[in-house]
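Good morning, colleagues. Please bring the sequence and the structure up on your screens.

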Amino acid sequence: MSDETFMREALALARQAAAAGEVPVGAVVVRGGAIVGRGCNRPITSHDPSAHAEIVALREAAKRLGNYRLADCEIYVTLEPCAMCAGAILHARVARVAFGAADPKTGACGSVVNLLAEMRLNHHTAVAGGVLAAEAGALLQEFFGARRRAAEDA
């Protein structure tokens, strides 16, 4: 299966997050061509600041596989991971990250910093950015545009 196929799965999860009033970010963890973890943003609904899509997907994958080390896995996420999520990805030893839209404000995979390639750390993760970036970016723009319009109308 291709990067685009798995990113479309992550985009479907991002749409679920948006429908719940969360920032539309989705993630899937893949091992051997099969999805082993899914997540969408839910820090608001779960009252958990760590409940980003990546963290939710990593937790599900680790539980399903019976190991917190996910060295033979890839993660697909619609938005470039933040420092917290990049740290979790590193600690899980995920082999590769593919993301959609870059995040020029908090992106930790090259936009602001690149934690996944930091040579002083003991693990490094391959990164592929820009997978279905236009579609992922459009979801975010629509979501935040609707929020701004709602605030203006209030």
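Predicted model: local features only at pLDDT ≥ 70, side-chain atom pairs only at ≥ 80, totals over all residues.

Residues are numbered from 1 along each chain as its sequence is written, and side-chain values use heavy atoms, with hydrogens and water left out.

The structure contains two aromatic pairs. Rings of Phe, Tyr and Trp (its six-membered ring) pair if their centres lie within 6.5 Å; planes under 30 degrees apart count as stacked, over 60 as edge-to-face, and the rest as tilted.

Phe6 and Tyr76 make a tilted pair, at 5.2 Å centre to centre and 35° between the planes. Phe6 belongs to helix α1 (residues 3–19) and Tyr76 to strand β3 (residues 73–79), so this pair ties together parts 70 residues apart in sequence. Helices (H or I, at least four residues) and strands (E, at least two) are DSSP runs, numbered from the N terminus. Both Phe6 and Tyr76 are buried; buried means under 20% relative accessible area, exposed over 50%, and partly exposed in between (1.4 Å probe, protein chains only).

Phe143 and Phe144 form an edge-to-face pair, with 5.1 Å centre to centre and 85° between the planes. Phe143 is buried at 12% relative accessible area, whereas Phe144 is partly exposed at 32%.

Now the backbone. Which phi does His47 have? It is near 55°, a positive value in a residue other than glycine. His47 sits in the loop between α2 (43–46) and α3 (53–65), and is exposed, with a relative accessible area of 73%. Leu132, also not a glycine, has a positive phi of about 50°, and is placed in the loop between β5 (126–128) and α5 (133–153).
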